[in-house]
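Here are a few exercises on strands, sheets and a nonpolar core.

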Amino acid sequence: MALWFRRLLPRKGRGSSRPVNDPDAAPPKQTSPNSSVTELTHHSQHVQDGRKSRRTREEIADLNAKYASRIGMPNSSQYQLMVAGDPYRVLNCPQLMGGKVEARRFCAKYNLDDQVLEDQSDMPLDDVFKELRKAREAMLRSIIGRVGQGPVIEPPFHFSYGCNIVLGDKFYANVNLRIMDSALVVIGNNVLIGPNVTIVTDLHNKDLETRRNVYSSPVVIEDDCWIAANSVILPGVTIGKGSVIGAGSVVARDISPGSVAMGTPARAQGHRPGLY
Ligand SMILES: CC(C)(COP(=O)(O)OP(=O)(O)OC[C@H]1O[C@@H](n2cnc3c(N)ncnc32)[C@H](O)[C@@H]1OP(=O)(O)O)[C@@H](O)C(=O)NCCC(=O)NCCS
């Protein structure tokens, strides 16, 4: 096996090194195809344009219950607070600090394009392309909470923990995707993401005295959405099935299914026939 290809392969046992909720249980295996992805919820009936994106505790608890089977979740009280939307502290929580370091190690390796390409043998470039995709898919399955069939995430890719990311089938993300997954980030099937997209889940209080408190709120992107280049998706937002988010948008409120929304803040410009 060529050196460049090995550089990208996950280390043996990777993904099982993190503590999981039941320390005696093996983490759920990720297979391809991922049958569990068909459970991905459609929230469309609840999604209305402009709904304030702050989720209730009950909504967050429901989402956490629905996507409870994911790999790599730390077994710690701060983690539980974090995913429940309560204030939490990374410092003094070894599992959260460790999780962040693991994520950074992973990203450093995943994003190693220059070295990997320097190492390539005489392999035809289309084979290099396919092998790189295969190797990166294997890597994603070692750290991302749940992964559907055929994910492609172009490097560079950055995230906070990985375990709170749920990806449906046929997910494609172009370069420079950043997912700050302190809360769940649930992405449905057939979702396309353009270059330089950021999805954030963390929030601070606006009040100066309590601004250091950090808490999080999940993001849901339903099936068949296209999030165009340079968009930012803010905490607690749901983007309804089939929607298009125009380039450079800041999505601060929910977007109803089948919308073409754009701008800062993103507003639906209309619903297109054929887009749900
Ligand atoms: C959202 C999008 C698909 C809309 O395309 P469209 O329906 O053909 O829209 P139009 O080009 O006809 O523009 C319609 C209006 O919206 C405006 N507009 C288009 N895209 C916009 C955007 N991203 N933000 C703000 N306004 C936008 C246009 O200026 C135009 O306004 P006007 O009528 O006052 O001149 C497209 O503009 C877009 O953002 N494409 C993303 C491209 C990209 O990121 N590619 C990378 C690969 S993911």
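**Exercise 1.** In this predicted model, find the bridge partner of Ile245 in strand 18, then work out how strand 18 is paired on its two sides.

*Solution.* Start with Ile245: its bridge partner in strand 18 is Ala261. Next, take the strands themselves: strand 16 (residues 244-245) pairs with strand 18 in the parallel sense, over 2 bridges. Now turn to strand 19 (residues 267-271), which pairs with strand 18 in the antiparallel sense over 3 bridges. Here Ala261 turns up again, standing opposite Ala268 in strand 19. Finally, look at the connection: strands 18 and 19 form a hairpin with 4 residues between them, and Gly263 in that turn has a positive phi of about 95 degrees.

**Exercise 2.** Which residues of strand 18 lie on its covered face, and which on its uncovered one?

*Solution.* Strand 18 covers residues 259-262. Ser259 and Ala261 make up the covered face, while Val260 and Met262 make up the uncovered one.

**Exercise 3.** What is the strand order of the open sheet with 5 strands, and which strands are at its edges?

*Solution.* The order is 3-6-9-14-17, and the pairing is parallel. Strand 3 (157-159) and strand 17 (250-251) are the edge strands, each pairing on one side only. Within this sheet, strand 6 (residues 177-180) and strand 9 (residues 198-200) run parallel and are joined by 3 bridges. Met180 stands opposite Val200 in strand 9.

**Exercise 4.** Which residues touch the most other members of the largest nonpolar core, and what does Val251 touch?

*Solution.* This core has 55 residues, and those touching the most other members are Leu184, Val185, Val186, Ile187, Ile221 and Val251. Leaving aside residues up to four places away in sequence, Val251 touches Ser231, Val232, Ile233, Leu234, Val237, Ile239, Ile245 and Ala266. Ile245, one of these contacts, is the residue paired with Ala261 in Exercise 1.

Key
Residues are numbered from 1 along each chain as its sequence is written. This is a predicted model: local features need pLDDT of at least 70, side-chain atom pairs count only at pLDDT 80 or more; totals for chains, interfaces and linings use all residues. A nonpolar core is a set of buried Ala, Val, Leu, Ile, Met, Phe, Trp, Tyr and Cys residues joined through C-beta atoms within 7 Å. A residue is buried if 20 or more other C-beta atoms lie within 10 Å of its own, exposed if 12 or fewer, and partly exposed in between; C-beta atoms are placed from the backbone. Two residues are in contact if their C-beta atoms, placed from the backbone, lie within 7 Å. Two strands pair if DSSP finds at least two bridges between them.
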